[in-house]
Amino acid sequence: MDIGLAILFIALAAIVSGVSCFLAGVSHRKRRAEAEIGSAEQEAKRIVGDAVKSAEAKKKETILEGKDEIHRLRSEAEHEISERRKDVQRQERRLQQKEETLDKKMDNLEKKDEILSKKIKEAESKLEEAEMVKKSQFEVLEKISGFSGEQAKAYLLKQLDQELAHEKAVKIRDFEQQLHEEQERRAANIISLAIQKCAAEQVTETAVSVVPLPSDEMKGRIIGREGRNIRALETLTGVDFIIDDTPEAITLSCFEPVRREIARVALEKLISDGRIHPARIEEMIDKARREVEATIKEEGERAVISAGINGIHPELIKLLGRLRYRTSYGQNVLNHSLEVSYLAGVMATELGLDPTVAKRAGLLHDIGKALDHEIEGSHIEIGVDMAKKYKEHDAVVHAIHAHHGDIEAKTIVACLVQAADAISAARPGARRENLENYIKRLQKLEEVASSFQGVDRSFAIQAGREIRIMVKPEVINDEKMVSLARDICKKIETDLEYPGQVKVTIIRESRAINYAK
């Protein structure tokens, strides 16, 4: 019991001492906080006092600055008002001077008006006198001439009109002659410059291809057992394989150059491969056909790049590539088209025109020749259809249609393409036909036309592409001209061989002739 009570007393004493210590700490913190609060209030009062003093000082300073600004503004306003008053005074003096000047001018004008009024009256009186004199003179002239005033006026105007008409006719004739001479000179100069700038090479193309052989033994392998190999080659390519006594060579003959090129490439592949039998022949021909088609596309793209033209439809580019294997009188048509494009562009530049359309029309003018073996119609009609199909410019279509004179050339571009086409085809060595055969063909064409009754004269023009026939008007009337043209066309088709088409033009005219003695 005693131990428990001792422990309890100790615990109570500890609790009491802890509570007293806690209360003493609280009292100490309270006093400290009150001391800090008191110092903070004093600091706050000091800061507020300082702020009030600073505000009073700034207020006084601001009031002084405001008074200074007001004084400055008042001075400036007074100065400005003074200046404006001076300006107003100057303006008043100037206006007063102008009023005085205007008054003087008005006085002078009034004096001049009076003088002019007098002069006008004098002039009117003199005019009346002149009219009376003129009237009396007219009466005298009418009596002397026997014409009234209107009749004399009409007579003089008629005489003047006749003199002017004669002078106009003389001047127009002189101008036309001068213009004709000038245009001939300028045209010759432009064409000569274009020809000088064009230095194209020309190699005559042929209708056959020769394939070299490593030995004559290869001929037997190409022919095959009982001729099966050569029959397969000719059937699949449509080309004639001519195997004769020519040593180590085979000749391929075909009017269609693309098929001939496919056959040549296929035969060269078969010779290098060594395996020649119908199945291998068919495989090589397919491979050669793909190679030639790729070459055609490359040639078309090369031509377009060489001509400096863009925006041509891919199908037209392929047709241009086919022209690489097309010839006209031994002249390669693709090279001819490039040459025409270049010449037309040069002449357009010399004339101060944009050469783009001229070069484009020159490059595409013979595009129909790529398909004239496959589609009926002339190469001009085919070319026009192709150009319209692939949305070519109207000027290009017209130039294609007019480049052989089938229709009248209505644009400068069409005329330039005509001239460039003639220059390219007429160059020495460009085409294989010699002069003698050319003259004979034109003479025969004229003889066929002249053989009909009622024909007076006939003229082959446009290198044999057109014939113009003068008929006797008393024998051939207008109704008979149509049937005569049809009969001449039929006879030309039956009796003559000619490239392209021949235009038949019949001309009938009546003349009245008399002589002034």
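This is a predicted model: local features need pLDDT of at least 70, side-chain atom pairs count only at pLDDT 80 or more; totals for chains, interfaces and linings use all residues.
**Ground rules.** I number residues from 1 along each chain as its sequence is written. Local features need pLDDT of at least 70, side-chain atom pairs count only at pLDDT 80 or more, totals for chains, interfaces and linings use all residues, and side-chain values use heavy atoms, with hydrogens and water left out.

**Cavity.** I looked for cavities (on a 1 Å grid over the protein atoms alone, sets of points where a 1.4 Å probe fits but cannot get out) and got one of 30 Å³ or more. The largest cavity holds about 50 Å³, volume being the space filled by probe spheres set on the points. Its lining residues (an atom within 4 Å of a point) include Glu 256, Arg 322, Tyr 325 and His 373.

**Salt bridges.** Next I searched the whole structure for salt bridges (a side-chain nitrogen of Lys or Arg within 4 Å of a carboxyl oxygen of Asp or Glu) and found 21. Glu 43 pairs with Arg 46, closest N and O atoms 2.1 Å apart. Both sit in helix H1, residues 2-145 (a helix is a DSSP run of H or I, at least four residues). Glu 43 is partly exposed at 34% relative accessibility (partly exposed lies between buried, under 20% relative accessible area, and exposed, over 50%; 1.4 Å probe, protein chains only).

I also checked Glu 76 with Arg 72: 2.5 Å, N to O, and four residues apart in H1. Asp 87 bridges to Arg 90 at 1.9 Å. Asp 87 and Arg 90 are about one helical turn apart because they are three residues apart in H1. Elsewhere, shared partners join Asp 273, Arg 275, Arg 280 and Glu 283 into one salt-bridge network.

Definitions and conventions:
On a 1 Å grid over the protein atoms alone, a cavity is a set of points where a 1.4 Å probe fits but cannot get out, and a pocket is an open set with protein on both sides within 12 Å along at least five of seven lines; lining residues have an atom within 4 Å of a point. Helices (H or I, at least four residues) and strands (E, at least two) are DSSP runs, numbered from the N terminus.
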